Amino acid sequence: KWAQVAPPPLLLDQLGALKKEARLTWKTFDRIHDWLALNIPCMSMEDNVGVGVMGAVITELAEIITLSKTIYGLENKYLSERGEIETKVVKYEGAESFKNGLAVYDANTWDDIERGWRSLMRGVLLAHSVLAKNMKVLKEPRKKRDASYMLAM
């Protein structure tokens with residue numbers, strides 16, 4: 001009876017792997033975010049272009065951290081929602097619609113996993129690009145630059 005409603009082991013493995021990577025990503029960018037935030041100079045009458053760039057990079061990193069935390073929560077969301085459907089399958093044993101609902105939910109979760117991996121990779125690539133292109137400014141935000149200098153994406 002319970003074997004009919006058990007989550008697919010491979011799906012649980014992938015959710016676990018995605019959760020682990022999301023946590024590592026979030027922790028890594030959280031550290032970079034904090035380092036930048038602690039190194040922002042005070043606004044002054046001098047050149048503030050570098051300070052503005054640092055603020056924009058911090059904002060980008062915060063968005064990637066938020067995305068990583070959302071992906072991190074996919075496993076918990078899956079198990080919680082699937083548990084509700086499993087309860088109905090066991091309670092209403094003859095109702096095929098609940099069994100079909102489990103299959104559809106699992107298939108949709110595979111799509112969520114794929115989107116999660118893609119979003120995580122996209123976020124890491126974007127963060128790398130933003131950090132690499134703006135590293136000179138991030139290291140020396142007060143250095144005089146061309147007034148037209150802006151955040152490089």
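**Helix packing, cores and ring pairs**

Me: At what angle do α1 and α3 pack, and how far apart are their axes?
Reply: In this predicted model, α1 and α3 pack at about 145°, and their axes lie 8 Å apart.

Me: Which residues of α1 and α3 meet?
Reply: From α1 come Leu11, Leu12, Leu15, Gly16, Leu18 and Lys19, and from α3 come Leu74, Glu75, Tyr78 and Leu79. By class, this contact has seven nonpolar, one polar and two charged residues.

Me: How do you know what span is expected of α1?
Reply: The expected span is 1.5 Å times one less than the number of residues. Helix α1, residues 9–38, has 30 residues, and 44 Å is expected. From its first C-alpha to its last it reaches 43 Å, which is close to that value.

Me: Which residues of α1 are buried?
Reply: They are Leu11, Leu15, Leu18, Ala22, Thr25, Trp26, Phe29, His33 and Leu36. Their cover includes α2 (49–72), α3 (74–91), α4 (96–133) and α5 (135–139).

Me: Why does Trp26 count as buried?
Reply: Buried means under 20% relative accessible area. Trp26 has 15% relative accessibility, so Trp26 counts as buried.

Me: What makes Tyr72 partly exposed?
Reply: Partly exposed lies between the buried limit of 20% and the exposed limit of 50%. Tyr72 is at 26% relative accessibility and therefore counts as partly exposed.

Me: How many aromatic pairs does the count come to?
Reply: The count comes to three aromatic pairs.

Me: Why is the pair of Trp26 and Tyr72 called edge-to-face?
Reply: Ring centres must lie within 6.5 Å to pair, and planes over 60 degrees apart count as edge-to-face. The centres of Trp26 and Tyr72 are 5.2 Å apart and their planes stand at 80°, so the pair is edge-to-face. Trp26 in helix α1 and Tyr72 in helix α2 are 46 residues apart, and the pair links distant parts of the chain.

Me: Why is the pair of Tyr92 and Phe98 called stacked?
Reply: For stacked rings the planes must be under 30 degrees apart. The planes of Tyr92 and Phe98 are at 25°, with ring centres 5.8 Å apart, so this pair is stacked. Tyr92, at 41% relative accessibility, counts as partly exposed, and Phe98 is partly exposed with a relative accessible area of 25%.

Me: Which residues touch the most other members of the largest nonpolar core?
Reply: Of its 15 residues, these are Phe29, Leu36, Val57, Leu61, Ala127, Leu131 and Leu138. At least two residues of this core come from each of α1, α2, α4 and α5, and α2 gives the most, with seven. Another core, of 14 residues, lies apart from it, and includes Leu18, Ala22, Ile85 and Ile113.

Conventions:
Residues numbered from 1 in each chain as written. Predicted model: local features only at pLDDT ≥ 70, side-chain atom pairs only at ≥ 80, totals over all residues. Heavy atoms only, no water. Helix = DSSP H or I, 4+ residues; strand = E, 2+ residues; numbered from the N terminus. Buried < 20%, exposed > 50% of the residue type's maximum accessible area, 1.4 Å probe, protein only. Contact = heavy atoms within 4.5 Å. Axes fitted to C-alpha atoms, helices over the stretch in contact; angles between N-to-C directions. Nonpolar A, V, L, I, M, F, W, Y, C, P; charged D, E, K, R; others polar. Core = buried A, V, L, I, M, F, W, Y, C linked by side-chain atoms within 4.5 Å. Phe/Tyr/Trp six-rings, centres within 6.5 Å; stacked < 30°, edge-to-face > 60°.
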